[in-house]
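Good morning, everyone, and thank you for making time for this.

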Amino acid sequence: MLLKKLTEASGVSGNEKEIRDIIIDEIKDYVDDLEVDRLGNIIIHKKGNKNPKKLMITSHMDEVGLMITDIDDIGLLKFTTVGGIDKRILVSKPVLIGKNKVPGVIGAKPIHLQKREEWQSALNIDQLYIDIGANTKEEAENIISIGDYVAFDSQYIEFGKRLVKAKALDNRVGCSLLIELIKEIEDIDFYGVFTVMEEIGLVGAGPAAYKVEPDISIVLEGTLCYDVPKLDDHLVPTYLNKGPAISLIDRTTLYDIDFRKKIAKIAEKNDIPYQYRKTAMGGNDSGKIHTTKEGSITTTISVPCRNIHSQTSVMSKYDYENALKLLKAILSEYKKGEL
Amino acid sequence: MDAKELLEVLSNSSGVSGHESRLNDTIISAFEKYADDISIDSLGNIIALKKGKSSNGSNIKIMLSGHMDEIGLMVKYIEDNGFIRFTNIGGIDPRTVLGQEVIVHGEKDLFGVIGSKPPHLQEKSEINKAIKMEDMIIDVGYSKDDLKGIVSIGDTITIKRNFKALEGNRLTGKALDDKAGIAAMYQCIMELSRINHDADIYFVSTVQEEEGMSGAFTGTYKINPDIGIAIDVGFGSTPELPKADTIEMGKGPGITIGGNIHPGLREKMVEVAKEYNIPFQFEVTPGPTGTDARAMQITREGIPALCLSIPLRYMHTSVEVVDMMDIKNTGKLLAFFIASISNENLEGLLCY
């Protein structure tokens with residue numbers, strides 16, 4: 001299954017080789033041009049009927065994770081975060097380190113030896129370490145190097161009513177959508193870009209947009225969902241099972257109002273459920289894309305993910321399928337020259 | 001099955017205090033190959049008896065205990081949209097359950113995750129506070145209606161964690177406290193199949209240790225042993241813990257010293273370890289140990305007790321770490337100790 005393969009692969013920002021190779025392998029037989037640029041972005045071109053406006057669809061392929069910063073005298077590993085991670089979700093979790101995926105665990109002080117006030121405050125990153133079972137610094141150094149990337153150890157699991165739990169749903173869900181489009185769409189001319197290092201500052205998107213020079217861009221994302229009980233409706237950024245989320249504004253983009261309305265109209269015309277992303281927090285590659293060179297118009301279409309940026313992100317296959325439907329409907333409008 | 005394989009099956013299974021019976025088949029099928037008799041008592045303790053040489057009913061009795069229960073969570077309330085509120089069974093640091101995968105043990109087992117708030121939506125001041133257990137929810141992906149007849153208030157919940165080998169002989173998983181103790185008892189019964197011993201040995205997998213040692217109290221009363229030995233886990237050393245409160249990983253079992261422990265028997269245990277070159281350490285606990293040894297000591301007219309601690313890091317989390325060599329050495333030390341106790345020398349050892 002595609003999403004299982006994509007989420008279980010590792011690709012912490014700056015270390016996307018494994019996920020990049022998997023994506024290239026998936027799409028190489030379905031594209032007219034494919035190049036990996038100097039930053040590591042995958043840029044593909046699918047040729048079809050010429051359209052006066054150039055369309056680019058992007059998805060970042062990196063994920064948040066950790067990086068080893070030190071190995072102590074008894075072989076325990078210190079680390080820092082790569083991308084935005086709530087330090088509180090790291091305790092008592094398994095991880096995989098480096099190319100060889102060495103297993104390790106992030107432990108915690110036994111509750112028996114804690115004072116009450118200790119377990120009321122969050123542990124800082126500098127209080128945490130990874131235990132790989134090594135006894136000495138030398139033993140650890142034989143298999144681990146400072147600078148090794150660390151990914152969460154989390155399997156793809158389907159549960160409940162059509163839900164999926166996995167790590168890196170942000171943004172392998174976007175990658176999966178883009179791969180499906182590349183495989184299925186014919187006769188429509190568009191560029192597809194899988195960007196690197198979105199999570200550490202939208203690094204890959206700018207140079208990719210500079211090269212492609214799109215008139216219109218669609219950014220595919222997994223976005224934050226927080227629909228817990230007793231939260232006022234207006235505080236809920238997105239809901240699960242209410243369809244793909246169309247962005248209004250975030251920290252990096254104020255989305256073009258006419259274009260956003262057009263996208264919503266396409267959804268309505270095709271009876272596709274959708275919702276607006278009702279928060280200004282967060283940001284994505286659109287921030288770089290819409291301001292590159294002379295600027296261009298963008299929209300972000302996202303699959304809502306509970307517990308985003310954690311080992312246990314959750315999405316709904318219902319939202320995924322409707323996101324795919326919406327994208328296909330948008331592309332057919334584009335084909336008619338009406339986007 | 002070797003002791004490591006037994007440990008893996010037990011760690012991946014679930015047996016929250018009061019709900020240990022799911023483990024019965026695994027434990028019975030492991031011990032029955034070497035035991036003369038196996039029974040389950042009224043609280044649920046599994047008692048495997050291996051008789052001593054020329055057993056005639058007047059043999060001395062040694063009871064070993066490793067507790068089969070584990071800490072866990074329990075369903076407290078089901079929200080209208082199907083999210084589950086929960087509380088803990090046994091001592092759990094709430095910080096260690098955030099973001100975990102869980103199994104809710106209802107009429108059938110349901111997968112779920114304990115949710116977290118996205119960092120993008122948090123106030124700066126929130127990030128340094130631990131989230132209370134009462135503010136966490138489990139997402140099982142069903143509505144309240146869907147859950148009717150499947151999940152009820154009071155159902156137990158365990159963290160889903162795959163047992164895994166780390167570097168060297170280190171192993172990680174959940175509930176190694178005290179499945180490591182059961183694995184050590186299993187190692188011991190295998191060793192004893194090749195060694196002569198006078199005493200009748202009762203290998204007891206006890207229930208409800210984490211909730212007040214209930215199983216150890218009743219099991220000890222029933223067996224009425226001459227010696228009781230608890231096999232539990234001790235705090236493995238890590239940088240944030242005072243050295244004096246911990247024992248070292250891979251350096252053999254901790255032999256407990258303190259009021260809970262019979263001094264004569266403890267000296268004998270040390271003597272045996274030295275004689276057979278089995279690595280050991282001391283663990284100092286002046287008062288009651290908080291293990292089954294405490295229950296044994298004050299049962300009936302009082303029973304001489306010992307406690308061996310297998311070093312374990314990150315106790316009561318789902319990523320506990322043990323060293324397989326420590327488990328094996330614990331089993332061996334127990335076997336040689338048992339072989340050294342005879343009908344003749346026991347009285348002398350117990351003398352003050």
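Let me begin with a term: two strands are said to pair if DSSP finds at least two bridges between them. Helices (H or I, at least four residues) and strands (E, at least two) are themselves DSSP runs, and they are numbered from the N terminus. Please keep in mind that this is a predicted model, in which local features need pLDDT of at least 70 and side-chain atom pairs count only at pLDDT 80 or more, while totals for chains, interfaces and linings use all residues. As for the labels, residues are numbered from 1 along each chain as its sequence is written, and chains are lettered from A and ligands numbered from 1 in the order in which they are written.

With that in hand, look at strand β11 of chain A, residues 163-166, which pairs with β17(A) in the antiparallel sense over four bridges. Within this pairing, A:Lys165 stands opposite A:Val314 in β17(A).

Let us turn to a helix in chain A, namely α2, residues 17-27, where A:Ile19, A:Arg20, A:Ile22, A:Ile23 and A:Ile27 are buried. These residues lie on the same side of α2(A), because they cover an arc of only 165° around the axis, the arc being that of the directions from the helix axis to the C-beta atoms. The face turned away from the buried side of α2(A) carries the exposed residues A:Lys17 and A:Asp25. What covers the buried residues includes α1 (2-8), β2 (42-46), α4 (169-184) and β12 (190-195) of chain A.

Just after α5(B), B:Asn224 takes a positive phi of about 50°.

Chain A has eight helices and 17 strands, and chain B has nine helices and 17 strands. For the 339 residues of chain A, a compact globule would have a radius of gyration near 20 Å, and the chain has 21 Å, which agrees; the radius is taken over C-alpha atoms, and the globule rule is 2.2 Å times the number of residues to the power 0.38. Buried residues make up 53% of chain A and 57% of chain B.

How are the domains arranged? According to the domain assignment, which is automatic or from a database, chain A has domain 1 (2-63 + 167-335) and domain 2 (65-152), with 32 Å between their centres, taken over C-alpha atoms. Their contact takes 11 residues from each of the two domains, where two residues are in contact if their C-beta atoms, placed from the backbone, lie within 7 Å. In chain B the assignment gives domain 1 (3-70 + 174-350) and domain 2 (72-159), and 33 Å separate the centres of these two domains.

Finally, what does the contact between the chains take from each of them? It takes 52 residues from chain B and 55 residues from chain A. On the side of chain B, β7 (109-114) and β11 (170-173) each supply at least two residues. The residues of that side divide into 23 nonpolar, 16 polar and 13 charged, where Ala, Val, Leu, Ile, Met, Phe, Trp, Tyr, Cys and Pro count as nonpolar, Asp, Glu, Lys and Arg as charged, and the others, Gly among them, as polar.

Methods
A residue is buried if 20 or more other C-beta atoms lie within 10 Å of its own, exposed if 12 or fewer, and partly exposed in between; C-beta atoms are placed from the backbone.
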